[in-house]
Amino acid sequence: MAKRLGFGTYQYELVENWPRIEIRGAVADVAVDSQGRVYAGVRNPRPDGSVGISRGGVGHVVVLDRDGREVGNWGDFASAPHGLWVNQDDEFFHADAGCHIITKHAPTGEVLLTLGTRGQVGAPGAPFNRPTHAVQAPNGDIVVSDGYGQNRIHRFSARGEHILSFGSGNVAFGVENPGEPSTGPGELNVPHDVVVDRDSRLIVSDRENNRLQFFTLDGEFVNMVAVNHPNKVQIDPDGMLHIGGGAGVEVWTRDGTRLGSWGETGSEPGQFVRGSIHGVWMDGEGSVYTAEAGFNNRLQKFVRV
């Protein structure tokens, strides 16, 4: 019998023996296109066999069908795959935390647009220093969380023209003796993800502050709510927020009310090591895909029942 998880009307069953292939490496993130194809960003194992990390190395994107069979591969185009997001036109945005760039791709992997300069850190406060995620707003603008090397959010036009940057914080992820974390409204401590809702509000996963922060598209602070180690947010067709992080998958209303969470801590199928999900996606059928980077280094699929 398939393992069932969930609460209330949010009930899921684990798809056993999915995917059908062995994915060698750390699965950083996952996204699903309109045809149901699953794209997983993978950090390849390092030469000594250890786990690929976000500071750099080699990585790729593997493409699976709904049943978990490999149907494509973009090859080793990346340094450190991190955030992966797809728009309604099946155009993918990839944040490479290892070489400081954002790339826009066709489903084949063809690069359509590059933001930043490969291998080059931007000036302090400017794009990019180990970016973590990139998405599009309803108006087509591109919004990037620049979260591992600095605590900034950047906004670009659809053509890649820089519009504005905002956010502050004196802690950079992995830096020795970084000082006291910045916790005030609008201050960030590892903006690990950003997503834009249908009202063009920016929802930033302020991970090390254990909260979500909400901003206008112009970077004005709106409000914030406490969330357990949020890594990535998905918005379903009803506007509900599904947050992958330290509590498994939390479900919140768009006005900031927590409905509940699901997911068990552990290393067995259907569980999450330390309860922490690094990447999460919901497909058009309501199935949930989870990526665990650095812990179990695996991809799992849960169908809604």
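This is a predicted model: local features need pLDDT of at least 70, side-chain atom pairs count only at pLDDT 80 or more; totals for chains, interfaces and linings use all residues.
Let's start with the open spaces. The largest pocket has a volume of about 1,000 Å³. It is lined by 34 residues, and those closest to its centre are Trp85, Val86, Gln88, Ile235 and Trp281. Several strands contribute to this lining: E7 (81-86), E11 (133-136), E15 (191-196), E19 (230-235) and E25 (279-282) each supply at least two residues. By residue class, the lining holds twelve nonpolar, ten polar and twelve charged residues.

The second largest pocket has about 310 Å³ of space. Of its 20 lining residues, Arg43, Ser54, Tyr148, Phe173 and Ala293 come closest to the centre. Here the lining divides into seven nonpolar, nine polar and four charged residues.

Now for the aromatic rings, which form 14 pairs in this structure. Two of them are set out here.

| Pair | Centre to centre | Angle between planes | Arrangement |
|---|---|---|---|
| Tyr39 and Phe92 | 4.1 Å | 45 degrees | tilted |
| Trp262 and Phe302 | 5.2 Å | 70 degrees | edge-to-face |

Tyr39 belongs to strand E4 (residues 38-43) and Phe92 to strand E8 (residues 92-96), so their pair ties together parts that are 53 residues apart in sequence. Tyr39 and Phe92 are both buried.

Trp262 and Phe302 are both buried, and together with Tyr12 and Phe272 they form one aromatic cluster.

Technical notes
Residues are numbered from 1 along each chain as its sequence is written. Side-chain values use heavy atoms; hydrogens and water are left out. On a 1 Å grid over the protein atoms alone, a cavity is a set of points where a 1.4 Å probe fits but cannot get out, and a pocket is an open set with protein on both sides within 12 Å along at least five of seven lines; lining residues have an atom within 4 Å of a point. Grid points are joined across faces, edges and corners, and a volume is the space filled by probe spheres set on the points. Helices (H or I, at least four residues) and strands (E, at least two) are DSSP runs, numbered from the N terminus. Ala, Val, Leu, Ile, Met, Phe, Trp, Tyr, Cys and Pro count as nonpolar, Asp, Glu, Lys and Arg as charged, and the others, Gly among them, as polar. Rings of Phe, Tyr and Trp (its six-membered ring) pair if their centres lie within 6.5 Å; planes under 30 degrees apart count as stacked, over 60 as edge-to-face and the rest as tilted. Buried means under 20% relative accessible area, exposed over 50%, partly exposed in between (1.4 Å probe, protein chains only).
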